[in-house]
Amino acid sequence: MNTPAVRRPNRALWRGAHLATLRPDRPWGWIPDGAIVTEGERIAWVGPAAALPAGLAVDAEHDWGGGVVTPGLIDCHTHLVYGGNRAREFELRLQGASYEEIARAGGGIRSTVQATRDASDAALLDATLGRARVLLREGVTTVEIKSGYGLSQADEARCLRVARAVGERLPMTVRTTALGAHALPPEFAGRADDYIEALCDWLPGWQAEGLVDAVDGFCEHIAFSPAQIDRLFSRARALGLPVKLHAEQLSNSGGTALACRHQGLSCDHLEHLDDAGVQALAAAGTVAVLLPGAYYFLRDTHLPPVAALRAAGVPIALATDHNPGTSPTLSPLLMMNMACTLFRLTPEEALAGFTRHAARALGLHERLGQLTPGRQADWAHWAVDHPHELAYRFGHSPVCRVVRAGQPVQE
Ligand code: NIG
Ligand code: FE
């Protein structure tokens, strides 16, 4: 009997740049004058070009011609699917109205819910693809996309389908998160507990359709209580879905400890996190996702406890939190700069926050977030001499070319 010849996947050699691999065993995972060998979608070898295996047979050879290569960026917290915008609300806030006041008066998230429900499927997909393309152009190869502006069974599903479609239309890895517990929809006014029950009932159907990779909530006095989030998370965990939480953004509500009890992938925002919350994150191995865009745009002054997180060894990720209300940015590099200037992260921590730690915040750390053998061949190539330049510039980004799963991205 003939055994079919096992054909190895296409092997390609890439050389001619410095590598910031983000391997944790040395600063930046730095390899000057490095090379990468890919086999199909994966990285097969990484090291100094001078140490390339002798006589290596390759199907293609690429010369970067200088610059620095980093892992593809991972934006682990976005609300990319929505209709309309909130520029008018921005004006009102500049005149003195607070985010909470606007939300309580029926504006805020709920106004975006109306605009999202009013948008056609095609318009929602178009707008979302446009935003995702901007991220991709700045080196993002993996993006988490939340629902949360539909708030009905049908509209949340519609938003999650749009999120999934992004991963089918663009060369990006997409993780979808069901954020039905973002705000109380008008149909359930005064009946938050009933809404949580309804969400628990809707989850299995969305999961069966392959729409949900994780479940999120907004635990805050203007949104849902820890007891309500607890019920939702218990249901999610019973279905085998991981959870994450918008926690301690506007006040210390105890959401972090709750999410950690459910082995949360991440807790996000955390401006009002206290010491017990820091310890809970450390003990659970839950990632702290900091969102400097929302902090800046809301003109917040209450800083997240970065020094305590660092001292406790909590992995710190960063994300754009792109959304129309509190963070209408699509620039990871600007977030890296703000994380340094506003939160005092180091430029190296900022890059780790958009790569290695962001991968962990999505449960994808074995597969993504570092340039090491076995991981997916996702990277961004920057016209810089050193990776600390990435967090240094703001308002414009050094030219970047992107490779995703071993393939150059044509955009
Ligand atoms: O991550 N904090 C809650 N959710 C979003 C804001 C949503 C909105 O205002 O539309 C956030 O900041
Ligand atoms: Fe958010």
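## Buried residues at an iron site

A residue counts as buried when its relative accessible area is under 20%, as exposed when over 50%, and as partly exposed in between (1.4 Å probe, protein chains only). By that rule, both His-77 and Asp-321 are buried. Keep in mind that this is a predicted model, in which local features need pLDDT of at least 70 and side-chain atom pairs count only at pLDDT 80 or more. Residues are numbered from 1 along each chain as its sequence is written.

What coordinates the iron ion (ligand 2)? His-77 (NE2), His-79 (NE2), His-246 (NE2) and Asp-321 (OD) do, at 2.1 to 2.3 Å. Such donors are N, O and S atoms within 2.8 Å of the metal (3.2 Å for Na, K and Ca); water is not among the atoms, so sites may look incomplete. Along the sequence, the donor residues follow the spacing H-x1-H-x166-H-x74-D.

## Rings that meet

Next, look for the aromatic pairs: the structure holds 10 of them. Rings of Phe, Tyr and Trp (its six-membered ring) pair if their centres lie within 6.5 Å; planes under 30 degrees apart are stacked, over 60 edge-to-face, and the rest tilted. Tyr-82 and Tyr-149 are edge-to-face, because their ring centres are 6.1 Å apart and their planes stand at 70°. Tyr-82 is buried at 6% relative accessible area, and Tyr-149 is buried at 2%.

Tyr-295 and Phe-343 also pair edge-to-face, with 5.1 Å from centre to centre and 80° between the planes. Elsewhere, ring pairs join Phe-188, Tyr-195, Trp-202, Trp-206 and Phe-224 in a cluster.

Methods
Chains are lettered from A and ligands numbered from 1 in the order in which they are written. Side-chain values use heavy atoms; hydrogens and water are left out.
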